[in-house]
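Please find my notes on the model below.

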Amino acid sequence: MPLAAQIRTEITELETLRRELGPHNEQFVVLLNEQAYAISFVSRRPSSAKAVSLPEATRLLEVDAQMVARALASQAGKPFRAVVLLAALQAELTRRQSRLRQLEDAISVIQWLPKKP
């Protein structure tokens, strides 16, 4: 699948998820930098975190997400943080749309370049 088509598909999936959640959703996810994580629990305590795409991230209540973010070890000196799921989705959607726009601009420039004989 071409890169532009793949990015369009990802944008559609993110927009669908955002619509399904509704404007008053109070779910949180745990992020490190801009990477979402699926959290594994042992005896109701966070034991490990695996980097996943945002729609697959573990969804938590605010208090639980903050507790998990504090409990997980930081990577490269940067702590995990609890973020509202809708805000994280909007940020990811904006990044994907920007990436698609850059790609389309680059393709447009290439199409207008003079052809070599």
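**Notes on the predicted model**

1. The face of helix 2 turned away from its buried side carries Val 63 and Arg 70, both exposed. Here buried means under 20% relative accessible area, exposed over 50%, and partly exposed in between (1.4 Å probe, protein chains only). Helices (H or I, at least four residues) and strands (E, at least two) are DSSP runs, numbered from the N terminus.

2. This is a predicted model, in which local features need pLDDT of at least 70 and side-chain atom pairs count only at pLDDT 80 or more, while totals for chains, interfaces and linings use all residues. Residues are numbered from 1 along each chain as its sequence is written, and side-chain values use heavy atoms, with hydrogens and water left out.

3. Which residues of helix 2 are buried? In helix 2 (residues 62-71) they are Ala 65, Val 68 and Ala 69. Viewed down the helix axis, the buried residues of helix 2 fall within an arc of 100 degrees, so they line one face of the helix; the arc is that of the directions from the helix axis to the C-beta atoms. Their cover includes strand 1 (28-32), strand 2 (35-42), strand 3 (45-52) and strand 4 (81-84), where contact means heavy atoms within 4.5 Å.

4. Gln 66, also in helix 2, is partly exposed at a relative accessible area of 34%. Its C-alpha atom is separated by 13 Å from that of Ile 39, 27 residues apart along the chain.

5. Helix 1 and helix 3 (residues 85-112) pack at an angle of about 155 degrees, their axes 10 Å apart. That makes helix 1 roughly antiparallel to helix 3, the term for angles over 145 degrees. Axes are lines fitted to C-alpha atoms, for helices over the stretch in contact, and angles run from 0 to 180 degrees between N-to-C directions. Residues of helix 1 that meet helix 3 include Leu 3, Ile 7, Leu 14 and Leu 21; among those on the helix 3 side are Leu 89, Glu 92, Leu 93 and Leu 100.

6. Glu 92, in helix 3, is buried at 13% relative accessible area. Its side chain makes a polar contact with the side chain of Arg 95 at 2.6 Å (a pair of N or O atoms within 3.5 Å; within protein, one must be able to donate a hydrogen and the other to accept it, and residues adjacent in sequence count only if both atoms are side-chain atoms). Not counting residues up to four places away in sequence, Glu 92 touches Leu 14 and Leu 54.

7. Asn 25 lies in the loop between helix 1 (3-21) and strand 1. Asn 25 counts as buried, at 17% relative accessibility, and its side chain reaches the backbone nitrogen of Gln 27 at 2.7 Å.

How values were computed
Angles under 35 degrees count as roughly parallel, over 145 as roughly antiparallel, 65 to 115 as roughly perpendicular and the rest as oblique.
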